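Here are my notes on this model. Please read them with the structure open.

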Amino acid sequence: MTAGDGIRPLSDTVHARATLGKAATENFPVAPAFLPRAWRDGLMAVYGYARLVDDIGDGDLAPGGRDAVLLGLEPTAVDDPLAMLDAFEADLWRVFGGTDGPPRHPLMQALQPVVRAHQLTPEPFLGLIEANRQDQRVARYETYGDLLGYCELSANPVGRLVLSLTGTATPERIRRSDAVCTALQIAEHLQDVTEDLGRDRIYLPAEDMRRFHVAETDLKAPSAGASVRALIAYETERARELLNEGTPLVGSVHGRLRLLLAGFVGGGRAALRAVTAAGFDVLPGPPKPTKSGLIREVAAVLRTAPRKG
């Protein structure tokens, strides 16, 4: 059998699983085993999409150019993020019933039945693509508001998709979810200051850097000085406030979804606690929460999140 016979080659299946395997490195549980199978399948399909589009934007695709080939490009296109994002968007439209055939990439093929089953719309998926296009054009953010605008594209669509997949979206829940997702994105930026700088990107608002007398050269040091630590502490508190704003989302749902959302919030809290425990010195490498620390934070969220309904 060949791909033309409707059977996906084993190498492409393994390739897709490698992308999905990155879920284990996230600050929060992506699709834990306690969820219903349909939810897990949907969450992993959405995660595969989000992970792949971020890997395209960050230049973190597997070597060899296989993702480019799967999207209909030459292998060398893997080094052209904008061309890859254009091809990726074209494949997304195939997921939504485009006229030039079925989706080509195996992760897009896995997404299509989920989109149909839950009547998902293209907008959240397009937002993630646009965020990665923005990463190719914008390497610095002047204000905190500018950074929040970026998170509206890069993070908030994921939470909205989770609510859509579970049939629990309401305006209030979307608002709370946006706060949680933005906080998770900021926490990741704080952990990854050095990694992002290696890509010539800084997600610390320039106005805040000036306020704390931090120059870009200070971020290249092997260890953070007092001014950098003060800046990171300030941004950490902002992210914590956003998590607190979003925490009532957990109490607004029931059952296993409540556990999942507590995992998201608890994962963010654990990440910020790890940054704090490192004395806000994120320059040697990303401070990561321990598994026990994550469990404690999730338990705390479940105890304190106010129940509604």
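1. Basis. This is a predicted model, where local features need pLDDT of at least 70, side-chain atom pairs count only at pLDDT 80 or more, and totals for chains, interfaces and linings use all residues. Residues are numbered from 1 along each chain as its sequence is written, and side-chain values use heavy atoms, without hydrogens and water.

2. D196. D196 sits in helix α10 (residues 193–198); helices are DSSP runs of H or I, at least four residues, numbered from the N terminus. D196 is buried but has no salt bridge. Buried means under 20% relative accessible area, exposed over 50%, partly exposed in between (1.4 Å probe, protein chains only). A salt bridge needs a side-chain nitrogen of Lys or Arg within 4 Å of a carboxyl oxygen of Asp or Glu. The nearest side chain of opposite charge to D196 is R199, 4.1 Å away.

3. R199. R199 pairs with D60 instead, in a salt bridge (2.7 Å, N to O). The two lie 139 residues apart, R199 in the loop between α10 and α11, D60 in the loop between α2 and α3. R199 is partly exposed at 24%, and D60 is partly exposed at 34%.

4. R175. R175 forms salt bridges with E172 (3.1 Å) and with E245 (3.4 Å). E172 is 3 residues away in helix α9, about one turn. E245 is in helix α12, so that pair ties together parts 70 residues apart in sequence.

5. Total. The salt bridge count comes to 25.

Key
Lys and Arg count as positive and Asp and Glu as negative; His and the chain ends are not counted.
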